[in-house]
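I opened this model to look up its helices, its surface and its side-chain pairs. My entries follow in the order in which I made them.

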Amino acid sequence: MPDTDDHATDAATATDSGRGPGRILVVVYGVLALAATGRSVLQIVEYFDRAPLAYVLSALAAVIYIVATVGMARGDRASNRVALVACTIELVGVLVVGAFSYAVPSAFPDKTVWSHFGSGYGFVPLVLPVLGIWWLTRVRRRSA
(Lines give C-alpha, C1' and ligand atoms only; values in the text may rest on other atoms or scores of the structure.)
Protein backbone atom coordinates (compact mmCIF):
# COMPACT_ATOMS: atom_id res chain seq x y z
CA MET A 1 0.00 0.00 0.00
CA PRO A 2 1.54 3.37 -0.98
CA ASP A 3 2.43 5.77 1.78
CA THR A 4 0.44 9.02 1.64
CA ASP A 5 3.59 11.04 2.31
CA ASP A 6 5.16 9.56 -0.83
CA HIS A 7 2.07 10.56 -2.80
CA ALA A 8 2.30 14.13 -1.45
CA THR A 9 5.98 14.28 -2.40
CA ASP A 10 5.17 13.04 -5.92
CA ALA A 11 2.45 15.68 -6.28
CA ALA A 12 4.79 18.44 -5.11
CA THR A 13 7.48 17.27 -7.54
CA ALA A 14 5.01 17.20 -10.40
CA THR A 15 4.30 20.91 -9.91
CA ASP A 16 7.83 21.92 -8.93
CA SER A 17 8.61 25.11 -10.81
CA GLY A 18 12.16 25.21 -9.41
CA ARG A 19 13.38 22.20 -11.38
CA GLY A 20 14.96 22.04 -14.83
CA PRO A 21 14.86 25.42 -16.59
CA GLY A 22 12.93 26.74 -13.60
CA ARG A 23 16.17 26.68 -11.61
CA ILE A 24 17.62 29.28 -13.93
CA LEU A 25 14.57 31.48 -13.38
CA VAL A 26 14.87 31.07 -9.62
CA VAL A 27 18.53 32.12 -9.74
CA VAL A 28 17.86 35.11 -12.00
CA TYR A 29 14.91 36.19 -9.85
CA GLY A 30 17.06 35.80 -6.74
CA VAL A 31 19.86 37.93 -8.17
CA LEU A 32 17.38 40.57 -9.30
CA ALA A 33 15.71 40.52 -5.88
CA LEU A 34 19.07 41.18 -4.20
CA ALA A 35 20.02 43.90 -6.67
CA ALA A 36 16.64 45.63 -6.47
CA THR A 37 16.60 45.42 -2.67
CA GLY A 38 20.08 46.85 -2.35
CA ARG A 39 19.49 49.65 -4.81
CA SER A 40 16.10 50.62 -3.37
CA VAL A 41 17.41 50.65 0.21
CA LEU A 42 20.32 52.87 -0.84
CA GLN A 43 18.04 55.22 -2.80
CA ILE A 44 15.53 55.48 0.05
CA VAL A 45 18.20 56.06 2.71
CA GLU A 46 20.37 58.47 0.73
CA TYR A 47 18.14 60.21 -1.84
CA PHE A 48 14.52 59.76 -0.78
CA ASP A 49 13.71 63.49 -1.05
CA ARG A 50 14.73 63.51 -4.76
CA ALA A 51 12.11 61.03 -5.96
CA PRO A 52 10.07 59.38 -3.19
CA LEU A 53 7.53 57.75 -5.51
CA ALA A 54 10.21 56.24 -7.74
CA TYR A 55 12.18 54.82 -4.83
CA VAL A 56 9.13 53.40 -3.07
CA LEU A 57 8.09 51.72 -6.34
CA SER A 58 11.61 50.32 -6.59
CA ALA A 59 11.30 48.86 -3.09
CA LEU A 60 7.90 47.40 -4.03
CA ALA A 61 9.52 45.78 -7.06
CA ALA A 62 12.16 44.25 -4.79
CA VAL A 63 9.47 42.74 -2.56
CA ILE A 64 7.66 41.33 -5.60
CA TYR A 65 10.92 39.76 -6.85
CA ILE A 66 11.46 38.16 -3.44
CA VAL A 67 7.92 36.74 -3.43
CA ALA A 68 8.33 35.38 -6.97
CA THR A 69 11.72 33.86 -6.12
CA VAL A 70 10.45 32.09 -3.02
CA GLY A 71 7.28 30.91 -4.78
CA MET A 72 9.19 29.42 -7.69
CA ALA A 73 11.84 27.89 -5.43
CA ARG A 74 9.25 26.21 -3.20
CA GLY A 75 7.47 24.88 -6.26
CA ASP A 76 4.28 23.46 -4.74
CA ARG A 77 0.89 24.35 -6.22
CA ALA A 78 0.09 27.15 -3.77
CA SER A 79 3.56 28.66 -4.11
CA ASN A 80 3.33 28.50 -7.88
CA ARG A 81 0.04 30.41 -7.75
CA VAL A 82 1.62 33.06 -5.54
CA ALA A 83 4.62 33.28 -7.90
CA LEU A 84 2.29 33.59 -10.91
CA VAL A 85 0.42 36.48 -9.26
CA ALA A 86 3.77 38.11 -8.39
CA CYS A 87 5.00 37.76 -11.98
CA THR A 88 1.75 39.22 -13.32
CA ILE A 89 1.97 42.20 -10.94
CA GLU A 90 5.60 42.57 -11.94
CA LEU A 91 4.74 42.68 -15.64
CA VAL A 92 1.98 45.25 -15.12
CA GLY A 93 4.31 47.26 -12.87
CA VAL A 94 7.19 47.39 -15.31
CA LEU A 95 4.86 48.37 -18.16
CA VAL A 96 3.04 51.08 -16.19
CA VAL A 97 6.12 52.48 -14.43
CA GLY A 98 8.15 52.21 -17.63
CA ALA A 99 5.61 54.25 -19.57
CA PHE A 100 5.16 56.72 -16.70
CA SER A 101 8.92 57.25 -16.43
CA TYR A 102 8.99 58.41 -20.05
CA ALA A 103 5.83 60.51 -19.71
CA VAL A 104 6.98 62.23 -16.49
CA PRO A 105 10.78 61.99 -16.47
CA SER A 106 11.08 64.42 -13.56
CA ALA A 107 9.52 61.79 -11.29
CA PHE A 108 12.42 59.42 -12.10
CA PRO A 109 15.65 61.44 -11.89
CA ASP A 110 17.62 58.22 -11.25
CA LYS A 111 17.11 54.82 -12.79
CA THR A 112 15.02 52.41 -10.76
CA VAL A 113 14.20 48.76 -11.37
CA TRP A 114 11.10 49.39 -13.47
CA SER A 115 11.79 52.89 -14.83
CA HIS A 116 12.36 53.08 -18.57
CA PHE A 117 11.14 49.47 -18.78
CA GLY A 118 14.12 48.24 -16.78
CA SER A 119 16.79 49.73 -19.03
CA GLY A 120 19.10 50.19 -16.03
CA TYR A 121 19.01 46.40 -15.61
CA GLY A 122 19.45 45.53 -19.28
CA PHE A 123 15.66 45.24 -19.77
CA VAL A 124 15.69 42.05 -17.69
CA PRO A 125 12.73 43.38 -15.64
CA LEU A 126 10.71 43.59 -18.86
CA VAL A 127 11.55 40.10 -20.14
CA LEU A 128 11.70 38.18 -16.86
CA PRO A 129 7.99 38.31 -15.92
CA VAL A 130 7.04 37.08 -19.39
CA LEU A 131 9.38 34.11 -18.97
CA GLY A 132 8.15 33.54 -15.40
CA ILE A 133 4.49 33.55 -16.45
CA TRP A 134 5.25 31.23 -19.36
CA TRP A 135 7.17 28.80 -17.15
CA LEU A 136 4.64 28.76 -14.31
CA THR A 137 1.77 28.28 -16.76
CA ARG A 138 3.66 25.44 -18.44
CA VAL A 139 4.35 23.78 -15.09
CA ARG A 140 0.70 24.16 -14.09
CA ARG A 141 -0.54 22.57 -17.33
CA ARG A 142 1.94 19.72 -17.02
CA SER A 143 0.76 18.93 -13.49
CA ALA A 144 -2.94 19.05 -14.35
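These entries go from the whole chain to single residues.

**Ground rules**

I am working with a predicted model, in which local features need pLDDT of at least 70, side-chain atom pairs count only at pLDDT 80 or more, and totals for chains, interfaces and linings use all residues. I number residues from 1 along each chain as its sequence is written, and my side-chain values use heavy atoms, with hydrogens and water left out.

**Whole chain**

I looked up the secondary structure and found five helices and zero strands in the protein chain. The pattern along the sequence is α-α-α-α-α. Helices here are DSSP runs of H or I with at least four residues, strands are runs of E with at least two, and both are numbered from the N terminus.

I then checked burial: 38% of the 144 residues in the protein chain are buried. I use buried for under 20% relative accessible area, exposed for over 50%, and partly exposed for what lies in between, with a 1.4 Å probe and protein chains only.

Residues 24 or more positions apart account for 68% of them in the protein chain.

The accessible surface of the protein chain is about 7,800 Å², and carbon and sulfur atoms hold 69% of that. These areas come from the Shrake-Rupley method with a 1.4 Å probe, and for residues only the protein chains shown count as cover.

**Nonpolar patch**

Which residues make the nonpolar surface patch of about 220 Å²? I listed Ile24, Val28 and Val124. A patch takes residues with over 30% relative accessible area and no salt bridge, joining nonpolar side chains (Val, Leu, Ile, Met, Phe, Trp, Tyr) within 5 Å and like charges within 9 Å. Val28 sits in helix H2, residues 21–47, and is partly exposed at 32% relative accessibility.

**Aromatic pairs**

I noted four aromatic pairs in the structure. Rings of Phe, Tyr and Trp (its six-membered ring) pair if their centres lie within 6.5 Å; planes under 30 degrees apart are stacked, over 60 edge-to-face, and the rest tilted. This pair links distant parts of the chain, with Tyr29 in helix H2 and Tyr65 in helix H3 (residues 52–74), 36 residues apart. Tyr29 is buried at 0% relative accessible area, and Tyr65 is buried at 0% too.

I also looked at Phe100 and Phe108, an edge-to-face pair at 5.9 Å centre to centre with 80 degrees between the planes. Phe100 is partly exposed at 35%, whereas Phe108 is buried at 4%.

What does Arg50 lie over? I found Arg50 over the face of Tyr47, 5.4 Å from the ring centre. My criterion is NZ of Lys or CZ of Arg within 6 Å of the ring centre and within 35 degrees of the ring normal.

Arg50 also forms a salt bridge with Asp110, at 2.9 Å from N to O. This one joins distant parts of the chain: Asp110 is in the loop between helix H4 (77–103) and helix H5 (124–143), Arg50 is in the loop between H2 and H3, and they are 60 residues apart. A salt bridge means a side-chain nitrogen of Lys or Arg within 4 Å of a carboxyl oxygen of Asp or Glu. Arg50 is partly exposed, with a relative accessible area of 45%.

The structure holds two salt bridges. I also recorded Arg74 with Asp76, whose closest N and O atoms are 3.1 Å apart. Arg74 is exposed at 57%.

**Single residues**

Ser58 lies in helix H3 and is buried at 1% relative accessible area. Leaving aside neighbours within four places in sequence, I found Ser58 in contact with Ser40, Gln43, Thr112 and Val113.

Leu34 is in helix H2 and is exposed at 67% relative accessibility. Its C-alpha is 8.2 Å from that of Ile66, 32 residues apart in sequence.

Last, I checked phi. Most residues other than glycine have a negative phi. Phe117 has a positive phi of about 60 degrees, and Phe123 has a positive phi of about 65 degrees. Phe117 is in the loop between H4 and H5 and is partly exposed at 22%. Phe123 is in the loop between H4 and H5 and is partly exposed at 40%.

Methods: Contact means heavy atoms within 4.5 Å.
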